[in-house]
Amino acid sequence: MRVPYDLKRKNYYHMKQTAFLLILIFSFSACHEDVNESTDPQNIFETLWSILDEKYCFFDAKGVDWDQVHDEYAFRVDTCKNSDSLLKVLGEMICILQDGHVNLYTAHDLIRYWKWFEDYDPNFDESLQRSYLGTNYQIASGLKYKIIGGNVGYITYNSFSSAVSDAGLDYIFKYFDNCRGIIIDVRDNSGGDLSNVNKLACRFTEKKFICGYIRHKTGPGHNDFSEPYPIYLEPYEGKRYTKKVVILTNRMCYSATNTFVTVMRQLPNVIIMGDRTGGGGGFPISSMLPNGWSVRFSSCPTYDEKYKLTEEGIEPDSTVYLTKRDIQREVDVIIETAYSLLQKI
Amino acid sequence: MIRKYNQFVFLENPYIKSSHIILFVFWIYLLQPINAQTRDQKSVYWQLGVGNTYLYDNYLSPLPHTGISVLFSNGNMKPLKWGLPDSAKISFDDVKWFSRCNYSINPVYGQSSTGSTLLYGNIDLRKSILRQIVSDPKYHISTGAFAALSGGGRYSIHNGNNPASLDAMFDLGITVFSDYKFTFWKKSMIVSYQGSMAMVGLAFSPEYAESYYEIFYLSNHKNIIKFTNPINKQHWRQQLSLNIPISGRKSSFRVSYWNEGRISLFNNIRTRVLSNHFSVGYISYFSIL
């Protein structure tokens, strides 16, 4: 079939328009950047340094000059002959941050800064705790609980990674209804899931209040932070517990447990007892290095209700230490002090 | 060493050799085609493809991941009666407007050079309206606009504290569709091409190092919806298809090559999803005018 000349011209005009659109589409589909995946020690160092430089949140709070760290450690990385020596140098570098949330994970080792509890007395003895719990305790939602003598309830919670269920908490607080008060022992609980903090803490308040603030990095600059966002604690709509509560703490209370203590100490019916918590007030995130190692670090600072950083830990209302002599006597003075306090009510 | 990434990463797959592709095309040819789609018909198609996808998301990792991906696509194309009299007898050549609907599902299993795994999944729903601007007995070209909704996410098995990132976007863009009818060895076939490019829209993105805990658990929704344009987000899709009518049926066999890319830069978070798929499919035709 013969195509008329006018139609041919019109078609030619429209085909030029179409060609322009196609060039536009192809031009976008043709470009993207290269990524440096070299496993050269210098590149691994630069990648780790840059990840922390751009996303770590406590440089100013801890007074760390990260550029100076770069200059010092770039020189040392040049001398690394194998991955073990590189790991050692990088491990030393990240420990400058003195942050328990900063870790380097390899297949054969975990580089960590644990001085926040290693340099202090433990104030906790598991076998002593077992002697108070006995064998006839109950377990619900990761919490072990029983009524110890004198009508005092005792709960121990070893990890906020253990899920807390509403049904389990309903039962526990109903079980403790007639007690004078309860002791919640979170010593040696090094954190876990923040949603479990809220689930447990909301059982102890009668009103909604601001229990802290959170910020996050909005850019790679050391001071590129969002406005503080308030964190609220709202009362649970079901079963709540409003009698006296004593929270037992030690230096191993870290991360989510530190947040739990931060929130609970604001409640009028709660006393924090034991040693200062370990801290860990930065919400951690993870990333990877070109040689397969993983890095974790704090990226979102959290604050208490007075807008003070919680990274350095929370002071207890009542400082009580568990000495070696107490352990030899088989008396957990921290539990005993809390017990005596509740007996006086 | 800087590794350069070819966007046609599928061709780097050592398990697929050119001889396989030639044999596959020859096998399709043996399906004895007898007719081809005409402009008045609504077509419904199903396609299943495999290919390779390049993933990059600096929120989760500074390393790119590549891996095998699957593409399932279903959609239709139908002529519209816009601007035509409401009459039963309309010439096929009068039809100027067409609509295309499509949804696709694209799961990916990606691995980095270190062996770390990144899983990705995406669902895309889109509708295009096209106007025929070039008409010839042998070929047609149509241009138009499309609206698309898509959502998906990446999950890093190695990240303990922020293992996932989400995609959610609404796009408005331009699209081009063309087809060319030809006879090969006395058999009528149609080769068609559709290219689409997002121009404006809305997209979800956390702030630079904002945690999903803060967004979803603490409900801090500030600055998480971004207005998109070709500078901060490029999303294109190209599909080249060969339709081979099946003997004795109102249907065709289809082989396609898909190229799709999603590149975005919001709040210093850079993401790239670049995929190439070869797919096979089946098309049914229904007369509707």
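The questions and answers below look at this predicted model.

Trainee: How many helices and strands does chain A have?
Mentor: Let's begin with an overview of chain A, which has 345 residues, 52% of them buried. Among its contacts with a separation of 6 or more, 73% are between residues 24 or more positions apart. As for the elements, the count is twelve helices and 14 strands.

Trainee: Which are the edge strands of the open sheet in chain A?
Mentor: Seven strands make up this open sheet, and their pairing is mixed. Their order in chain A is E4-E5-E6-E7-E10-E11-E14. An edge strand here pairs on one side only, and that picks out strand E4 (138–140) and strand E14 (318–319) of chain A.

Trainee: Are H4(A) and H5(A) roughly parallel or roughly antiparallel to each other?
Mentor: Two packed helices are described by the angle between their axes and the distance between the axes. Helix H4 (residues 66–77) and helix H5 (residues 83–95) of chain A pack at an angle of about 165°, with the axes 11 Å apart. Angles over 145 degrees count as roughly antiparallel, so H4(A) and H5(A) are roughly antiparallel.

Trainee: How many nonpolar, polar and charged residues are in the contact of H4(A) with H5(A)?
Mentor: H4(A) crosses H5(A) in a right-handed way. From H4(A) come Trp66(A), Val69(A), Tyr73(A), Arg76(A) and Val77(A), which meet Leu86(A), Val89(A), Leu90(A), Glu92(A) and Met93(A) of H5(A). Sorted by class, the contact has eight nonpolar, no polar and two charged residues.

Trainee: Which elements do the buried residues of H10(A) pack against?
Mentor: Helix H10 of chain A, residues 256–264, is mostly covered, with eight of its nine residues buried. Among these buried residues are Phe260(A), Val261(A) and Met264(A). Their packing partners in chain A are strand E7 (181–185), helix H9 (194–201), strand E8 (209–214), strand E9 (229–233), strand E10 (244–249) and strand E11 (270–274).

Trainee: What covers the buried residues of H12(A)?
Mentor: Start with the residues themselves in helix H12 of chain A, residues 333–343. The buried ones are Val333(A), Ile334(A), Ile335(A), Ala338(A) and Leu342(A). Their cover in chain A includes helix H7 (126–133), E6, E7, E10, E11 and helix H11 (324–328).

Trainee: In what order do the elements of chain B run?
Mentor: Chain B has 289 residues, and 55% of them are buried. Its elements are two helices and twelve strands. From the N terminus on, they run β-α-β-β-β-β-β-β-β-α-β-β-β-β.

Trainee: Which residue takes a positive phi in the hairpin of E7(B) and E8(B)?
Mentor: E7(B) also pairs with strand E8 of chain B, residues 187–204, in the antiparallel sense over 16 bridges. In this pair, Thr175(B) is opposite Ser196(B). The hairpin has two residues between the strands, and the residue with a positive phi near 55° is Trp185(B).

Key
Residues are numbered from 1 along each chain as its sequence is written. Chains are lettered from A and ligands numbered from 1 in the order in which they are written. This is a predicted model: local features need pLDDT of at least 70, side-chain atom pairs count only at pLDDT 80 or more; totals for chains, interfaces and linings use all residues. Side-chain values use heavy atoms; hydrogens and water are left out. Two strands pair if DSSP finds at least two bridges between them. Helices (H or I, at least four residues) and strands (E, at least two) are DSSP runs, numbered from the N terminus. Axes are lines fitted to C-alpha atoms, for helices over the stretch in contact, and angles run from 0 to 180 degrees between N-to-C directions. Angles under 35 degrees count as roughly parallel, over 145 as roughly antiparallel, 65 to 115 as roughly perpendicular and the rest as oblique. A crossing is left-handed if the near helix is turned anticlockwise from the far one by less than a right angle, and right-handed if clockwise. Contact means heavy atoms within 4.5 Å. Ala, Val, Leu, Ile, Met, Phe, Trp, Tyr, Cys and Pro count as nonpolar, Asp, Glu, Lys and Arg as charged, and the others, Gly among them, as polar. Buried means under 20% relative accessible area, exposed over 50%, partly exposed in between (1.4 Å probe, protein chains only).
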